[in-house]
Amino acid sequence: RCHSFGADADGYVKGEGVGAVVLRRLDDALADGDEILAVILASAENHGGRGSFLTAPNPAAQAELVESAVRSAAIAPDGISYIETHGTGTELGDPIEVQALSHAFARLEAGPGFRCGLGSVKSNIGHLEPASGIAGLLKVVLALRNRLLPPTLHVRDVNPHLHLQDTAFHLVREPTPWEGPLPLRAGVSSFGLGGSNAHLVLEQAPVHEPDP
C-alpha cells in the first residue's frame with residue numbers, strides 16, 4: 001500500500017498504467033460543440049538542478065514551478081481549491097512537497113480565507129512512473145465532472161513532518177463534495193526521477209449550449 005501523507009509512509013509503491021487525452025483549443029472545441037471535460041489554463045515545467053542524490057527533491061524548484069503556473073494562468077490563487085499532488089508516500093518527500101506549496105502560495109499572496117485540499121491518486125493505484133502525471137490529470141478531470149473529491153487512502157495517522165496546521169492546506173481523507181469558489185480550479189503536480197517537475201492548472205469545463 002502507498003501511504004501518501006501518512007505516518008506509515010515508507011516508500012513509493014510501483015503500479016502500471018497508461019492514459020491519453022485529446023487536446024483542442026478551447027474556441028475550436030466550443031465552436032464544434034465538443035464535449036469538454038476540463039480546461040487547461042496554464043502549464044509549467046522546470047528542473048531541480050544538481051542534487052545530493054537521484055531522488056532528492058528540490059523544494060525551491062517545486063515552489064517556483066507552482067508559482068509560475070498559477071501566474072501564467074492569470075487567476076487569483078484563492079480560486080484554486082484542490083491540488084493533486086505528486087504524493088509518492090515517502091517520509092520526507094511528502095513534507096517537502098507541502099512545504100513547497102506553502103511557499104508558492106505565500107509568494108502568490110493568497111488571501112487569509114484561502115483553503116485548499118490535497119490528495120494523491122498514488123494511494124489508489126500506486127506510482128505509475130512515466131504515466132503518473134496523466135493518472136493525476138485524469139483523476140482531477142473526473143473529480144471536476146462529478147464535483148466530488150475522492151479520498152487519499154491509507155492515512156491512518158498524518159505524517160508528523162507535514163505541519164499542515166500551519167498551512168492553508170488539508171488532506172482530503174473522505175469523499176467530499178467539491179464546493180470551492182466557482183469555477184472550480186485545481187493544480188496537478190508531477191515530479192520526475194532526477195529532478196524534472198511539471199504542474200498544470202485546470203478549470204472545470206464551461207457550460208455551453210451548442211448552436212441549433
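Guide: Three elements, α1 (26-31), β1 (38-47) and α5 (132-146), each give at least two residues to the lining of the second largest pocket. Helices (H or I, at least four residues) and strands (E, at least two) are DSSP runs, numbered from the N terminus. The largest share of this lining, 4 residues, belongs to α5.

A word on the source: this is a predicted model, in which local features need pLDDT of at least 70, side-chain atom pairs count only at pLDDT 80 or more, and totals for chains, interfaces and linings use all residues. Residues are numbered from 1 along each chain as its sequence is written, and side-chain values use heavy atoms, with hydrogens and water left out.

Now the space itself. The second largest pocket has a volume of about 530 Å³. It is lined by 20 residues, and Val22, Leu23, Ile36, Leu37 and Ala38 are the closest to its centre. A pocket here is an open set of points on a 1 Å grid over the protein atoms alone, where a 1.4 Å probe fits, with protein on both sides within 12 Å along at least five of seven lines; lining residues have an atom within 4 Å of a point. Points are joined across faces, edges and corners, and the volume is the space filled by probe spheres set on them.

What is the lining made of? By class, it has 16 nonpolar residues, no polar ones and 4 charged ones. Ala, Val, Leu, Ile, Met, Phe, Trp, Tyr, Cys and Pro count as nonpolar, Asp, Glu, Lys and Arg as charged, and the others, Gly among them, as polar.

Stay with Leu23. Leu23 sits in the segment before α1. Its relative accessible area is 64%, so Leu23 is exposed. The cut-offs are under 20% for buried, over 50% for exposed and in between for partly exposed (1.4 Å probe, protein chains only).

Now turn to the largest pocket. It holds about 810 Å³ of space. Its lining has 33 residues, with Leu54, Thr55, Ala56, Pro57 and Gly192 nearest the centre. By class, 11 are nonpolar, 18 polar and 4 charged. Here α3 (93-107), β7 (185-191) and β8 (196-204) each supply at least two residues. The largest share, 4 residues, comes from α3.

Next, the backbone. Leu182 and Pro183 are joined by a cis peptide bond, with omega about -5°. Pro183 lies in the loop between β6 (176-177) and β7. Glu109, in the loop between α3 and β3 (116-119), has a positive phi near 60° without being a glycine. Glu109 is exposed because its relative accessible area is 68%. His163 is another non-glycine residue with a positive phi, about 55°. At 42% relative accessible area, His163 is partly exposed.

Finish inside α2 (59-73), the helix that holds Leu65. Leu65 is buried, with a relative accessible area of 1%.
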